[in-house]
Amino acid sequence: MQFFSGSTSTESSLLPSAPPGTGAGGPGNNVHMIYIFNRAGVCLLYREWNRPLRTLDPQQDHKLMFGLLFSLRSFTAKIDPTTAEKGNLGVPLLPGQGCSFYSFKTNTYQLNFMETPSGIKLILITHSRTGDQRESLKYIYNLYVEYVVKNPLYVPGTPIQCDLFTKNLDQYVRTLI
Amino acid sequence: MAPLVPKSGDAVFASVERVNAELFTLTYGAIVRQLLTDLEEVEEVNKQLDQMGYNIGVRLIDEFLAKSNVSRCVDFRETADVIAKVGFKMFLGVAATVTNWDAEGTTCSLVLEDNPLVDFVELPDTCQGLRYCNILSGVIRGALEMVSMKTEITWIRDMLNGDDAYELRVKLLKQVPEEYPYKDDD
């Protein structure tokens with residue numbers, strides 16, 4: 001009989017330690033907003049911390065964001081000069097096929113993107129002075145697993161209404177630089 | 001940033017939260033027993049266990065991806081290896097072996113020598129035909145479906161029916177490509 005160690009962990013040890021910020025600025029108000037989509041294009045979570053200008057109604061906004069990522073992802077994979085195996089532009093990709101981008105930057109903001117093989121897309125829009133956010137997105141994915149996926153009341157594929165998740169998310173993005 | 005190296009099953013198993021193995025085994029046994037009482041038909045219980053497993057798999061895949069750092073598999077062979085070596089190890093504490101590939105590389109067997117679900121279990125004569133571990137096949141099916149692989153899973157060997165190991169036959173039916181989810185007109 002094999003015994004597994006008993007569980008004595010506290011909340012903080014559920015997760016690997018958060019990666020430190022990577023940019024040159026200080027912590028505080030560097031994150032504008034976050035989107036989480038699933039494969040079906042449902043916006044599971046939209047949350048904003050700093051967004052003075054709004055031009056579209058939320059639904060249109062989400063749809064445009066998803067469409068942008070979908071096209072950009074397929075475009076970046078198609079122009080990849082390093083591999084020979086790729087289909088024609090517009091032909092659907094298998095998940096994980098081809099390369100993927102993880103961020104783009106404009107003169108005012110930076111969009112950070114992560115897609116998991118299970119189709120969860122995380123988009124974090126930060127100030128353009130912030131550094132590489134791939135580790136942060138991975139950490140947010142861990143938060144999502146701990147507080148959303150493992151929440152028995154959460155029905156997969158529906159918008160996230162989970163206070164513990166948003167609370168921890170709020171806390172974490174404040175530390176990003 | 002250096003690319004993340006996928007962790008080995010042992011490394012993940014060592015880092016995740018665990019429960020006492022006996023508690024786990026007995027809880028599972030209690031669930032199966034309750035299902036037998038509630039549903040009466042052995043076939044119905046098999047179906048229910050598969051469905052429960054499926055629901056678990058749909059969620060479990062995210063935990064698996066988040067903790068193992070596995071990003072993508074080149075082909076189904078690698079997928080099967082990852083399930084056997086990392087997946088089983090991470091969640092059940094035992095590793096499986098992958099054998100009996102068919103020529104196209106779409107069907108293989110996962111063989112479990114040791115299965116923590118069945119400690120203390122003996123099937124009475126009234127439960128012939130019960131797939132006691134049917135939850136496992138459901139979990140794999142659900143998890144693979146979330147990474148766009150439709151699979152069909154059948155039990156070939158079952159120690160509770162007198163075989164020498166547990167063997168799951170995993171057949172890849174198709175891989176679903178990523179489609180744009182919205183219609184053009186809305």
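Q: How many helices and strands does the secondary structure of chain A come to?

A: Helices (H or I, at least four residues) and strands (E, at least two) are DSSP runs, numbered from the N terminus; in chain A there are 3 helices and 5 strands, and from the N terminus on they run β-β-α-β-β-β-α-α. This is a predicted model, in which local features need pLDDT of at least 70 and side-chain atom pairs count only at pLDDT 80 or more, while totals for chains, interfaces and linings use all residues. Residues are numbered from 1 along each chain as its sequence is written, and chains are lettered from A and ligands numbered from 1 in the order in which they are written.

Q: Which residues have the most contacts inside the largest nonpolar core?

A: In soluble globular proteins, nonpolar side chains tend to be buried together. A nonpolar core is a set of buried Ala, Val, Leu, Ile, Met, Phe, Trp, Tyr and Cys residues joined through C-beta atoms within 7 Å, where buried means that 20 or more other C-beta atoms, placed from the backbone, lie within 10 Å of a residue's own. Here the largest such core has 65 residues, and those with the most contacts (C-beta atoms within 7 Å) inside it are Ile123(A), Tyr144(A), Ile61(B) and Ala143(B).

Q: Where is the kink in helix H4 of chain B centred?

A: The bend at a residue is the angle between axes fitted to the seven residues ending there and the seven starting there; in H4(B), residues 76-92, a kink of about 35 degrees is centred on Ile83(B). Ile83(B) is one of the buried residues of this helix, and H4(B) is followed by Gly93(B), whose phi is positive, near 80 degrees.

Definitions and conventions: A residue is buried if 20 or more other C-beta atoms lie within 10 Å of its own, exposed if 12 or fewer, and partly exposed in between; C-beta atoms are placed from the backbone.
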